[in-house]
Amino acid sequence: MIQSLLIANRGEIACRVIRTARQMGIRTVAVYSDADADALHVREADEAVHIGPSPARESYLVGEKILAAARETGAEAIHPGYGFLSENAAFAQAVKDAGLVWVGPNPSSITAMGLKDAAKTLMAEAGVPVTPGYMGANQEPALLAEEAAKIGYPVLIKAVAGGGGKGMRLVEAPEAFIDALASCKREAASSFGNDHVLIEKYIASPRHIEVQVFGDSHGNVVHLFERDCSLQRRHQKVIEEAPAPGMDAATREALCAAAVRAAKAVDYVGAGTIEFIADGSGPLSADRIWFMEMNTRLQVEHPVTEEITGVDLVEWQLLVASGKPLPKSQEDLTIDGWAMEARLYAEDPAKGFLPSIGKLELLEFGEAAEDDFGRGRIDTGVYEGAEVSPFYDPMIAKVIAWGEDRDEARERLGEMLEDTAVWPVRTNASFLVKALQHPDFAAGKVDTGLIGRDGEAMAEAPMPSDEVLEAAANSLVPFSPLAGFRLNAAPARAAWFSLDGEKVEIALTGEGSEEPDEAVLVTEQGQAWLLTPWRRDGVHGGADASGAILAPMPGKVIAVDVTQGQAVTKGQKLLTLEAMKMEHTLTAPFDGVVAELAAVAGAQVQVEALLARIEEAGE
Ligand code: ADP
């Protein structure tokens, strides 16, 4: 057995690998960039090696730095996680050449599956059904157009080297083909350094169904059933589950057997995933499911398979990499219940899913996550107080629920997401909750276009309920008679508050509080908001008597109107902050000079961050 392992990755997957390695008594080595010096994976590993600046191409993607870190710490094996170098055959080979164990398939298997056209050709030869289409070497536009016509519109043009949903064009009719081809080739050349494309029949109402496979170095290959990852946003997975809704035993048998054939065709060793596309316009059937591609690594969504099979896939990876046979045969593997995973992201659905960067001042996962029966699971790479940095994928956690059946798993996942509270970073929690409640999703009728059609309502900014707001407001106002607050109309007993910077009117239903708080965090629907009494010139923060100009809420500085040392008069505009889709102007509290100017246009700022400081003239 290997005794020590370097994890060439970061975030939740590095933490996930460390957890199992530790249980197996394997010493773990983390690597980290500048931005990750305080990251969770660094804290959890036995040792950690700094490998360079924050941009991944100067750290996590530099093979030589990873190998040097392994040498320095005496690590015997390297686990690549997913993303970064995990599907880089040259790196896998370099690891082997350095005399280290590569926790992954042979480099030749990675290469064979690396390009979509070559992989499809290979699979067709191995008797695996592939999506009808053209995957030839001849790239003449006229010939490609002819092939597209033969396949029949609509067609999909795909960059053979594409990935992550990039380098694809849907073409509905022949007139649009040549332009779409040119644009796809341009994107492919600049993103992947390879402009070759293939043409595929566009499957109507497509469902994304994939099969987990596992091989060992003794020639055994098994499958661990399917996952359904059809709930996607712009070809990116949002919610994944296992098994697939509506999958009958015969179809499963045929699909999983095809996946095992695919893995065997490339002498596959380790954890891999065969992705298929299914025609979702009717019930699933084996003759309407086609091979799409193989991912030669552990997948983000591997936990749902673990939850229904009871197998620790990372443990299997480490056993197989150590030369051991697979711990279970196909007959020993069974499906127990249902599992569903949601990807919780630091992003703002109401603002076009823009990443929401910053410090996680509040990060709570709620009670369901600590379920004693193992029905709730959180895989995360951050902790309360950690930073979501702009350098990497802004995933906060994978939230995973298990249930006896699909509805139980789905409902539990919804509860877990609603119990999550994150602030001031925005998350997609309420978007995910609404997706789980969508009638088609609830009925198991999901195709990859569902969010594209109905996603707008899911993305709307959530607002806390009246009851929750009223209770919070009660703790902010003094015990009646509500002195000091401007009531809108005397008998209505309501007052103005600021909810993350937005002016809101809240009915005062309680008696107020003997010792009012200055601010309360209101949490609901997986979201958190800062509630403060409303003040006209800035809310929480704003300008205080010392002349410090603080950010009243998390947001982005969109304009700075003054320079350091400049004289300003009371009420003069200093800078503009954009937050919660609104622009907020911050002005000078009194006549003076700009003694300090910390705000930079374009920068994201946290609540109460010092933006500027005004000193009274002559001070
Ligand atoms: P990538 O490597 O970029 O992930 P894939 O080939 O795996 O690209 O396809 C990504 C997604 O695009 C699939 O999950 C599916 O939603 C959609 N897709 C791919 N091929 C087709 C097709 N022939 N017809 C319809 N949708 C497709």
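This is a predicted model: local features need pLDDT of at least 70, side-chain atom pairs count only at pLDDT 80 or more; totals for chains, interfaces and linings use all residues.
Glu200 and Lys120 are both buried. Because Glu200 belongs to strand S9 (residues 197–201) and Lys120 to helix H6 (residues 116–125), the pair ties together parts that are 80 residues apart in sequence. Side chains of opposite charge can pair in this way when their charged atoms come close.

How many salt bridges does the whole structure hold? A search finds 33. Another of these joins the side chains of Glu240 and Arg343, at 2.7 Å from N to O. Here too, distant parts of the chain are linked: Glu240 lies in strand S12 (residues 236–242) and Arg343 in strand S15 (residues 338–345), 103 residues apart. Glu240 counts as buried because its relative accessibility is 0%. Arg343 is buried as well, with a relative accessible area of 10%.

Next, look for Asp447 and Arg453, whose side chains meet in a salt bridge of 2.9 Å, N to O. Asp447 has 13% relative accessibility, so it counts as buried. Salt bridges can also join up into a network, and one such network links Arg16, Arg19, Glu306, Glu307, Asp312, Arg377 and Asp379.

Now turn to helix H3 (residues 63–73), where the buried residues are Gly63, Ile66, Leu67, Ala69, Ala70 and Thr73. Seen down the axis of H3, these buried residues fall within an arc of 155 degrees, so they line one face of the helix. An α-helix has 3.6 residues a turn, so residues three or four places apart point the same way. What does the buried side of H3 pack against? Its partners are strand S1 (4–7), strand S2 (27–32), strand S3 (47–50), strand S4 (77–79) and helix H4 (89–97). On the face turned away from that buried side, you will find the exposed residues Glu64, Arg71 and Glu72.

Our last stop is His584, in strand S33 (residues 582–587). Is His584 buried or exposed? It is buried, because its relative accessible area is 11%. Setting aside neighbours within four places in sequence, His584 is in contact with Gly501, Met553, Leu575, Thr576, Leu577 and Ala579. Leu530 is 54 residues from His584 along the chain, and the C-alpha atoms of the two are separated by 16 Å.

Conventions. Residues are numbered from 1 along each chain as its sequence is written. Side-chain values use heavy atoms; hydrogens and water are left out. A salt bridge is a side-chain nitrogen of Lys or Arg within 4 Å of a carboxyl oxygen of Asp or Glu. Helices (H or I, at least four residues) and strands (E, at least two) are DSSP runs, numbered from the N terminus. Buried means under 20% relative accessible area, exposed over 50%, partly exposed in between (1.4 Å probe, protein chains only). Contact means heavy atoms within 4.5 Å. The arc is that of the directions from the helix axis to the C-beta atoms.
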